Amino acid sequence: MKIEKITCAVDCGIAVNPDIVDAQIQSGVGYGIGHIMRDQITLSSGKVDQFNFPDYEPLRIGDIGAIDVHIIPSAEAPSGIGEPGTPPAGPALANAVAALAGTMVSTLPMTENGVTFS
């Protein structure tokens with residue numbers, strides 16, 4: 001499977017710096033998608049097995065296509081942005097995979113459970 005495009009919307013009140021809002025949403029989505037796709041932290045005898053990037057591969061720029069962020073116009077006070085793109089990224093990807101493959105993957109990461117991404 002290939003993730004060609006991600007579209008999301010955010011309502012954060014008045015976007016004081018829209019470029020920062022866009023960057024925060026894109027990075028949050030990427031972080032969430034990376035974990036759902038293939039990242040995992042495992043423990044052996046109470047110690048983390050992954051040492052560095054050869055053992056824990058983060059999302060690469062070629063793993064997903066464009067991330068379109070739509071900032072909802074608002075007259076509400078600015079509220080900060082944080083990482084609201086991270087939590088919904090996993091369920092959104094799981095629903096997309098289920099719609100395409102016809103089966104819901106409920107154990108993560110997906111690549112450890114038969115889903116391959118190109």
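**A walk through the model**

Author: Happy to, and keep in mind that this is a predicted model. Of the 118 residues in the protein, buried ones make up 32%.

Reader: What pattern do the helices and strands follow along the sequence?

Author: Start by counting the pieces: the protein has two helices and four strands.

Reader: Which element gives the largest share of the largest nonpolar core?

Author: That core has 24 residues, and those with the most contacts inside it include Ile-3, Ile-25 and Leu-93. Two or more residues each come from strand E1 (3–10), helix H1 (18–37), strand E4 (64–71) and helix H2 (86–101). The largest share is six residues, and the element that gives them is H1.

Reader: Which residues is Ile-3 in contact with, leaving aside its neighbours within four places in sequence?

Author: Leaving aside neighbours within four places in sequence, its contacts are Ile-33, Met-37, Asp-63, Ile-64, Gly-65, Leu-93 and Phe-117.

Reader: Asp-63 is in that list. Is Asp-63 buried or exposed?

Author: Asp-63 is found in the loop between strand E3 (47–48) and E4. Buried means under 20% relative accessible area. Asp-63 has 14%, so it counts as buried.

Reader: Which side chain does the side chain of Asp-63 join in a polar contact?

Author: Take the backbone first: the nitrogen of Arg-60 lies 2.7 Å from a polar atom of the Asp-63 side chain. Leaving aside neighbours within four places in sequence, Asp-63 is in contact with several residues, among them Pro-58 and Ser-118. As for side chain to side chain, a polar contact of 2.4 Å joins Asp-63 to Arg-38.

Reader: Is Ser-45 buried or exposed?

Author: Ser-45 lies in the loop between strand E2 (43–44) and E3. Its phi is near 55°, a positive value in a residue other than glycine. The cut-off for exposed is over 50%. Ser-45 has 81% relative accessibility, so the word for it is exposed.

Reader: And Gln-26, which residues is it in contact with, leaving aside its neighbours within four places in sequence?

Author: Gln-26 is found in helix H1, and it is partly exposed, with a relative accessible area of 29%. Its C-alpha atom is separated by 9.3 Å from that of Ile-6, 20 residues apart along the chain. Leaving aside neighbours within four places in sequence, the contacts of Gln-26 are Ile-67 and Val-69.

Reader: Where is the omega near -5°?

Author: Head for the segment after H2, where you'll find Pro-109. The peptide bond there is cis, and it runs from Leu-108 to Pro-109.

Reader: How many Å apart do the centres of the positive and negative side chains lie?

Author: First, the surface: the protein exposes about 7,400 Å², with 57% of it supplied by carbon and sulfur atoms. Now the charges: there are 5 positive and 13 negative side chains, and the centres of the two sets are apart by 8 Å.

Technical notes:
Residues numbered from 1 in each chain as written. Predicted model: local features only at pLDDT ≥ 70, side-chain atom pairs only at ≥ 80, totals over all residues. Heavy atoms only, no water. Core = buried A, V, L, I, M, F, W, Y, C linked by side-chain atoms within 4.5 Å. Buried < 20%, exposed > 50% of the residue type's maximum accessible area, 1.4 Å probe, protein only. Contact = heavy atoms within 4.5 Å. Areas by Shrake-Rupley, 256 points an atom, 1.4 Å probe, with all protein chains shown as cover. Lys, Arg positive; Asp, Glu negative; His and termini not counted. Charge placed at Lys NZ, Arg CZ, Asp CG, Glu CD. Polar contact = N/O pair within 3.5 Å; in protein donor to acceptor, adjacent residues only side chain to side chain.
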